[in-house]
Amino acid sequence: MQQPVTNDPKEHKGSLPPIIPDIEQWPIYKLSTKRYEFIQDIINSTNAQLLKSFPTTEALLDELARTVYQERIRLTEKAWKADPEDEKEYWDELKKRLVRISGITGDPKRQEEEAKEMLNSMISHYTNEIIGNFDPSIYEFASRALPFGFSRLLRSNLGIKFKEKLSQQFSTHNRFIYEGDLETIRELAKSHTVIIVPTHITNLDSMVIGWAIHEMGLPAFIYGAGLNLFGIRILAYFIERLGAYKVDRRKKHPIYLETLKEYSTQALHDGVHSLFFPGGTRSRSGEIEKRLKLGLLGTAVDAQYLNYVKAEKEGNPESAKKIIVVPVTISYHFVLEAPGLIDEHLKATGKEQYLVENDRFSTSFKMLSFIWKFFTKSSKIYLSYAPCMDLFGNQVTPDGKSIDKRGEEIDIKNYFLSGGELKEDQQRNGEYVKLLGDVIVKKFHDYNVVFSSHMVSYVAFAMLKKRFRRHDLYDILRLPKEDRVIPYADFSAAVERVRDRIYELEKEGKIITPRHFHENGLDDLIQHGLDNVGLYHNASTLMRNKDGDITSEDLKLLLFYHNRLEGYQLAQYV
Amino acid sequence: MSDLKTVGVIGAGSFGTALANLIAENYDVLVYARRVEAIDNINIKRENANQPMHERVRATGDIKEVCETCTLMFPTIPSAYFREVLLQMVPYLRPDHILIHGTKGFHINVSEEEKEEDIKELGRDSIYTMSELIRRETNVIRVGCISGPNLASELSQHKPAGAVIASHFDEVIRLGRNALKSHRFQVYGSKDLTGVELAGSLKNIIALASGSISALELGENARALLITKSLGEVIRIGRVLGGDVKTFLGLAGIGDIIATSSSTSSRNFSVGYRMAKGETLQQILDTSDEVAEGINTVEIIKLLADHYRVRVPIISTIYYTLFKGVPASEGLRQLMKYPFDVDVDFID
């Protein structure tokens, strides 16, 4: 069920006031002031976890050897600009050390100690690499400088809007439109820990959501940024000081992954708000995420457990901070990288091949020109916030109470109890994370704001699929021009059926339609979609030809925008 | 505060009673029963459903007491009443409760209006297994299911047996096993919760068919033919509904089929038997005191198979015999003419 509108729809000029005006009171700042202690916490807990996984000296030495081997391969085969210059020496040195430790025979105690020491040194190396370096003065500088740049780019006075309502007039110059109960998020962020989990389709998402967090008046969030971005010095300087920590997707071994997870767990446990893209990477196909990467979400469950343990130890079980999850679906009419994304998707389909994370923004210029194009060319962007929930999908009220599906208050500490006592159970937490992933996927869909451009693309491509039902997808993508034409009358009839179905889905709380759906009659709505779909691509994604019929110059792009409405079982209405 | 010294059993039918006696070898047991008669049988007469009660078993009609005393409970309510009882439990159920059910049937999720109309087909979304129903209606997440060849009459005579407990949670399997295991009872674990629930429910159909074979005195060759072929149908539909083939080859599938397909103490077997002897469904229902889950399951599976276009000639035949008045002998004659070709087509 959708959250009823709790706020009067009103428009704020500029950002909402910060919920905590003094940066020195922000959780992220407090954490940065006890950096050394924090690093030690991460190292200790990572050590403890890994020694559970590799309980014997032999198993530990094997794992150390595997890691050293993989790291040395990475340095020769997948070196990045962002890698520190002395990395090679570091790993060469570790290799020598490993040989020496393996050679210790006859003194198992010493061998064990030295192996553990080496593990400790590796964890410490990774922790220092991962951890960010929040700097309030840079944050203040950026938050003053950026609005200036942004508002120039957007040619507008940035406005923020609460839940859009039909009755509400709304100024067209706003580029960002917020749907959802922002007040509750703001309220909860004061005394609990918020995790924002958005959909991910373009590299600009992090900038959009980062900006939105600032506009909402929330303190800075930590977020994982690809290590490759740190190759651009100026960018690295800023993002590291704005709350980013480094994530290196080339490193897939347990020692690194466990360190990364412990970093996230400890930061959340310390009350620092966090931003994850749970899809992992951008959606190649254009679809809303169906499957999530659960690793980082798992750290939220672990942190929630730790919060209860801590509160109990302190003799004040009621004081445990709650981890609040806020799924956000971001909708665009136009995704700049769509051609590249859909290509990668089609290449990978059916082969499950590993997509190499490419180093697309290796220069500042490329990055800036991308941002420039994005903000100058892009039309409206919707950020649709699902209601705040706990890790078990129960809705959370502004005062931090979890409400179950029957509307009763529920104590979520109970999820961690066994026989009446708090008990750590990694397997159980793992199952909770899977369920949380399912809930987030559902919220992404339920709170998706469907655009006219998505709907016309969906209908057009689905009609072609239906017409050529014996062809496989790749044949359809290669259809000759004359076979791509859809008579307008058929098209508009199908759009009408799909639109009506979307209205039904909206009543069931399974999707959201924006204002432009209701302002336009059928033909105008179709035209609105055609005018906006992938507007700035070189080829026209969907258009009317000289006879007024519907056709596409680029079926791959059409597929990409069509995919946004996959998962709603709309095909039968086409 | 609830503790693990006392384990709850919800329902005092023959399986619930047998389960209570098994658990009593490890823990105190508190049985919830709706009927005063059953409560008196357990607490005073010390014999219920033709089974003498273990001294550690006590019964109550107070569902709240059971929920507050026990974190681990075994609901053994027939599927037709499962939701009703569950709703009574809802106010007292918390996320730290563990429910391991022993119900071999489905819940149909259709509105009252739809029920009035003639339902032609059912999709997966319209049926819930009992664990799905629990998850949907309550705050309990740690759910599991117990299934396998467990004829209550034999369990009550202390004959050896085994079962499988399925859950996504290791903890549920572990606690369930601790509650049940003994020198005469083995407990296996499985992560394929849906598969175990499906296997347990679907095997009732095979028991029905097998009962008819006995009634018609068609011999053991015919029984083997029918059981094996209907197992193929059950696996095909079970896969569509989300079960793992392997599960059907274990205790909850073949194990249970072997026990129920040749036992006159199986309710479903008896229904098939009487049906083939010419009794109508109504006559059978009017004279049974316990529910044969297979009857509902046949109807549900027929509708699901139609929806997913799964070929299930034997299940269809049973359906027509039970609900459409086709004589069992005629149904079987039709089946012998059916153009089967490949023997095993459910394993790649």
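Which residues touch the most other members of the largest nonpolar core? The model is a predicted one, and in it this core counts 139 residues, of which A:Ile195, A:Ile196, A:Val326, A:Val459 and A:Ala460 have contacts with the most other members. Helix α15 of chain A, spanning residues 452-467, provides the largest share of the core, namely eight residues. When neighbours within four places in sequence are left aside, A:Val459 is in contact with A:Phe491, A:Ala494, A:Val495, A:Val498 and A:Val574. Apart from this core lies another one, made up of 104 residues, and among its members are B:Val31, B:Phe74, B:Ile127 and B:Ala252. As general background, nonpolar side chains tend to be buried together in soluble globular proteins.

Turning to chain B, the chain is divided into domain 1, covering residues 6-191, and domain 2, covering residues 201-337. The centres of these two domains of chain B, taken over C-alpha atoms, are separated by 24 Å, and 25 residues of domain 1 are in contact with 24 residues of domain 2, where contact is judged by C-beta atoms that lie within 7 Å. On the side of domain 1 of chain B that touches domain 2, at least two residues each are supplied by α4 (79-89), β11 (161-166) and β12 (185-190), with β11 of chain B giving the largest share, three residues. Sorted by class, that side of domain 1 of chain B holds twelve nonpolar, ten polar and three charged residues.

Terms used:
Residues are numbered from 1 along each chain as its sequence is written. Chains are lettered from A and ligands numbered from 1 in the order in which they are written. This is a predicted model: local features need pLDDT of at least 70, side-chain atom pairs count only at pLDDT 80 or more; totals for chains, interfaces and linings use all residues. Domain bounds come from an automatic or database domain assignment. Two residues are in contact if their C-beta atoms, placed from the backbone, lie within 7 Å. Helices (H or I, at least four residues) and strands (E, at least two) are DSSP runs, numbered from the N terminus. Ala, Val, Leu, Ile, Met, Phe, Trp, Tyr, Cys and Pro count as nonpolar, Asp, Glu, Lys and Arg as charged, and the others, Gly among them, as polar. A nonpolar core is a set of buried Ala, Val, Leu, Ile, Met, Phe, Trp, Tyr and Cys residues joined through C-beta atoms within 7 Å. A residue is buried if 20 or more other C-beta atoms lie within 10 Å of its own, exposed if 12 or fewer, and partly exposed in between; C-beta atoms are placed from the backbone.
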